[in-house]
Amino acid sequence: MQASITNNATRYGWAAIVLHWLIGIIFIGQFALGFVMVRLTSQRTAFELIQLHKSFGFLLLGLIILRIAWRLGNAAPALPASVGGLERRTAPLAHLALYAFQLALPLSGWALVSVSMLEIPSMPFNLFVMPNLPLVESDAAESFWAAAHWYLAYAGIALVALHALAALRHHFWLRDSVLTRMITPSSDGDVE
Amino acid sequence: MYARIFGLAAVAACLAMPVLAAVDLNDAAGSYTVNPASSSIRFSIGKVGGGGLDGAFGRFKGSIRIDNSDVGRSQVNFTIYPESVGTGQGRIDAFLRSDAVFDAANSPEIQFRSTSVTRTSDTTALVSGRLTARGKTFAEKFTAELGGLKGGTIKFHVTGKVLRSRYGMDVGTPIYSNIVDFDMTLTGKKG
């Protein structure tokens, strides 16, 4: 049996699985990094961590665009038959919200650095210069996007926690395949 | 007859020369105290994608002694107070004063002591010396151009490049260049 890159009717392919966990880990790491970097006394370390946060933010934005494109071209497997009516209706909404946050968070961060009066260029992983978004710099715009980024981060991490709890409920309580199918990829031997 | 023509030509050539070039370092001998009110120490650090970070130091003191028999034996001493750095953006100033860059609380002075002055033309000289910042000392060179001399007041335009990494101030590279471009206008009063 060969692990398959694409999803099939009941399971996720390894591309979807890799993107899911990679984005999930970076997303949680970004929240932790963002939380720490604004609370440091060393301005030097803070500066360096903020640049690292920006680098991972741009990486996340690239990965999420790839993920959305992959999802649009590769239908997600159906939920197991045991999943009830309420969850069957709300789960797609929760997933849509998760996608929206994955897009909105890096974009709001990009907007924040673009309007900042500090005019610090973005250079992801010191590899290339990322241009700013075409937005007007001002203290007011900087405050707005800083607040937007902050609220989105806390709402986003709450949604991630809910998502993780739901997955654990499926695995340990309902004992269905919802969590395990995001770990073991589909294969050409799957019965569809 | 020919001598007379040459003489007239020489006078005409002198008149045609810019006023500043007429000021000669040999005539400038003496000791001067830098007047901060009519002097400025500006710096610029390039950044990726164009533009740069421009700033200036508001407080400094210095003395210039130009040897009357040998310009090469002249002496320049300078002290800059990094606490007085200004870029027009308060948050950047606070960052520059912090231990990320100048650590002004623990290293309140940046000092320059010349070790040699080499004359490069009638009005220019290369000033070599030792620059001390954040407890680190390195040899640096600055180009000084005599801009004017009038009634005991001397004016120099001084430029030079300093690598900030040497002084433990490399934060932000490579987004911000390691090279700090200095551009100073120094006015000194004799005595």
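In helix α2 of chain A, the buried residues are A:Phe47, A:Gln51, A:Lys54, A:Phe56, A:Gly57, A:Leu60, A:Ile64 and A:Arg67, and what covers them includes α1 and α3 of chain A. The model described here is predicted, and it holds a chain A and a chain B, with 11 residues of chain A in contact with 14 residues of chain B. On the side of chain A that touches chain B, seven residues are nonpolar, three are polar and one is charged.

**Helices of chain A**

- Helix α2(A) has 31 residues and reaches 45 Å from its first C-alpha to its last, which is close to the 45 Å expected at 1.5 Å a residue.
- Helix α3(A), residues 85-115, also has 31 residues, and its reach of 45 Å between first and last C-alpha is close to the expected 45 Å.
- The buried residues of α3(A) include A:Phe101, A:Gln102, A:Leu105 and A:Pro106, together with A:Trp110, A:Leu112, A:Val113 and A:Val115, and the buried residues of this helix pack against α1 (14-37), α2 (43-73) and α4 (139-173) of chain A.
- A:Gly24 lies in helix α1 of chain A, and it is classed as partly exposed because 16 other C-beta atoms lie within 10 Å, a count that falls between the limits of 12 or fewer for exposed and 20 or more for buried.
- The C-alpha atoms of A:Gly24 and A:Pro134 are separated by 29 Å, and the two residues are 110 residues apart along the chain.

**Record annotations for chain A**

- An unreviewed UniProt entry lists "domain: Cytochrome b561 bacterial/Ni-hydrogenase" at residues 11-184 of chain A; in the model this span is 70% helix and 0% strand, and its end C-alpha atoms lie 8 Å apart.
- UniProt, again in an unreviewed entry, places the feature "transmembrane region" at residues 12-38, 50-70, 96-118 and 148-168 of chain A.
- Residues 50-70 of chain A are 100% helix and 0% strand, with end C-alpha atoms 30 Å apart, while residues 96-118 of chain A are 87% helix and 0% strand, with end C-alpha atoms 34 Å apart.

**Strands and annotation of chain B**

- For residues 31-189 of chain B, UniProt lists "domain: Lipid/polyisoprenoid-binding YceI-like" in an unreviewed entry; the model gives this span as 5% helix and 58% strand, with end C-alpha atoms 8 Å apart.
- In a regular strand the side chains alternate between the two faces of the sheet.
- Strand β4(B), residues 60-66, has a covered face made of B:Phe60, B:Gly62, B:Ile64 and B:Ile66, and an uncovered face made of B:Lys61, B:Ser63 and B:Arg65.
- Strand β1(B), residues 30-34, is joined to β4(B) by four bridges and runs antiparallel to it, and B:Thr33 stands opposite B:Ser63 in this pairing.
- Strand β5(B), residues 75-80, also pairs with β4(B) in the antiparallel sense, over six bridges, and here B:Ser63 stands opposite B:Asn77.

**Nonpolar cores**

- The largest nonpolar core has 37 residues, and those with the most contacts inside it are B:Ile80, B:Val101, B:Val127, B:Ala144, B:Phe156 and B:Val158.
- A second, separate core has six residues, among them A:Leu112, A:Val113, A:Val115 and A:Trp145.
- Leaving aside residues up to four places away in sequence, B:Ala144 touches B:Thr124, B:Ala125, B:Val127, B:Phe156 and B:Val158.

How values were computed:
Residues are numbered from 1 along each chain as its sequence is written. Chains are lettered from A and ligands numbered from 1 in the order in which they are written. This is a predicted model: local features need pLDDT of at least 70, side-chain atom pairs count only at pLDDT 80 or more; totals for chains, interfaces and linings use all residues. Two residues are in contact if their C-beta atoms, placed from the backbone, lie within 7 Å. Ala, Val, Leu, Ile, Met, Phe, Trp, Tyr, Cys and Pro count as nonpolar, Asp, Glu, Lys and Arg as charged, and the others, Gly among them, as polar. UniProt positions are given in the numbering used here, feature names are shortened, and annotations may be inferred rather than shown by experiment. Helices (H or I, at least four residues) and strands (E, at least two) are DSSP runs, numbered from the N terminus. A nonpolar core is a set of buried Ala, Val, Leu, Ile, Met, Phe, Trp, Tyr and Cys residues joined through C-beta atoms within 7 Å. The expected span of a helix is 1.5 Å times one less than its number of residues. Two strands pair if DSSP finds at least two bridges between them.
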